Amino acid sequence: MPGDDAALAQMVDSLRAHLPKTGLDQGEMQQVGARLPASLVRQAKRRTGLSSKTDLLIVALANLALEDAFADAFEAAHGQLDPELDIGF
């Protein structure tokens, strides 16, 4: 996979490895039905390297559920540190 596809594949692997640590893969299974454009499903499968629609949906939902909030926290902290604070450089 070139460029962005390789980064996406790495993100998919990371999500799949991290999900069991969160406990979000536990509990009762729920049936989910959706009608999605076939071209969207094909492209998502191609980019992620996943062949199962179930795996594809798990990764997509995990990505939303486990979204990194660093950018929001960083923005919220703007102006909170003393400008005179010595951070070592």
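T48 lies in helix α2 of this predicted model. Helices (H or I, at least four residues) and strands (E, at least two) are DSSP runs, numbered from the N terminus. T48 is buried because its relative accessible area is 13%. Buried means under 20% relative accessible area, exposed means over 50%, and partly exposed lies in between (1.4 Å probe, protein chains only). The side chain of T48 reaches back to the backbone oxygen of K45, at 3.4 Å.

Residues are numbered from 1 along each chain as its sequence is written. Local features of the predicted model need pLDDT of at least 70, and side-chain atom pairs count only at pLDDT 80 or more, while totals for chains, interfaces and linings use all residues; side-chain values use heavy atoms, with hydrogens and water left out.

Confidence was examined next. The term pLDDT is the predictor's confidence in each residue, from 0 to 100. The mean pLDDT of the protein is 84. Of its residues, 97% reach 70 or more. Confidence is highest in helix α2 (residues 38–48), at a mean of 93. It is lowest in helix α4 (residues 70–76), at 76.

R47 is also placed in helix α2. With a relative accessible area of 27%, R47 is partly exposed. R47 and A6 are 41 residues apart along the chain, yet their C-alpha atoms are separated by 8.4 Å.

Two packed helices are described by the angle between their axes and the distance between the axes. Axes are lines fitted to C-alpha atoms, for helices over the stretch in contact, and angles run from 0 to 180 degrees between N-to-C directions. Angles under 35 degrees count as roughly parallel, over 145 as roughly antiparallel, 65 to 115 as roughly perpendicular and the rest as oblique.

The axes of α1 and α2 come within 8 Å and cross at roughly 85°. The two helices are therefore roughly perpendicular. Contact means heavy atoms within 4.5 Å. By type, the residues of this contact of α1 with α2 are two nonpolar, one polar and four charged. Ala, Val, Leu, Ile, Met, Phe, Trp, Tyr, Cys and Pro count as nonpolar, Asp, Glu, Lys and Arg as charged, and the others, Gly among them, as polar.

Helix α1 (residues 4–22) also packs on helix α3 (residues 53–65). Their axes come within 10 Å and cross at roughly 80°. Helices α1 and α3 are therefore roughly perpendicular to each other. Here M11, V12, L15, R16 and L19 of α1 meet D55, I58, V59, A62 and N63 of α3. The residues of this contact of α1 with α3 divide into seven nonpolar, one polar and two charged.

A62 belongs to helix α3. At 5% relative accessibility, A62 counts as buried. Leaving aside neighbours within four places in sequence, A62 is in contact with L15 and L19. A62 and V12 are 50 residues apart in sequence, and 9.5 Å apart in space, C-alpha to C-alpha.

Two further residues lie outside the helices. Q26 sits in the loop between α1 and α2. Q26 counts as exposed, at 56% relative accessibility. Its side chain makes a polar contact with the side chain of D25 (3.1 Å). D82 is placed in the segment after α4. At 48% relative accessibility, D82 counts as partly exposed. The side chain of D82 reaches the backbone nitrogen of E84 at 2.9 Å.

Note on methods:
Polar contact = N/O pair within 3.5 Å; in protein donor to acceptor, adjacent residues only side chain to side chain.
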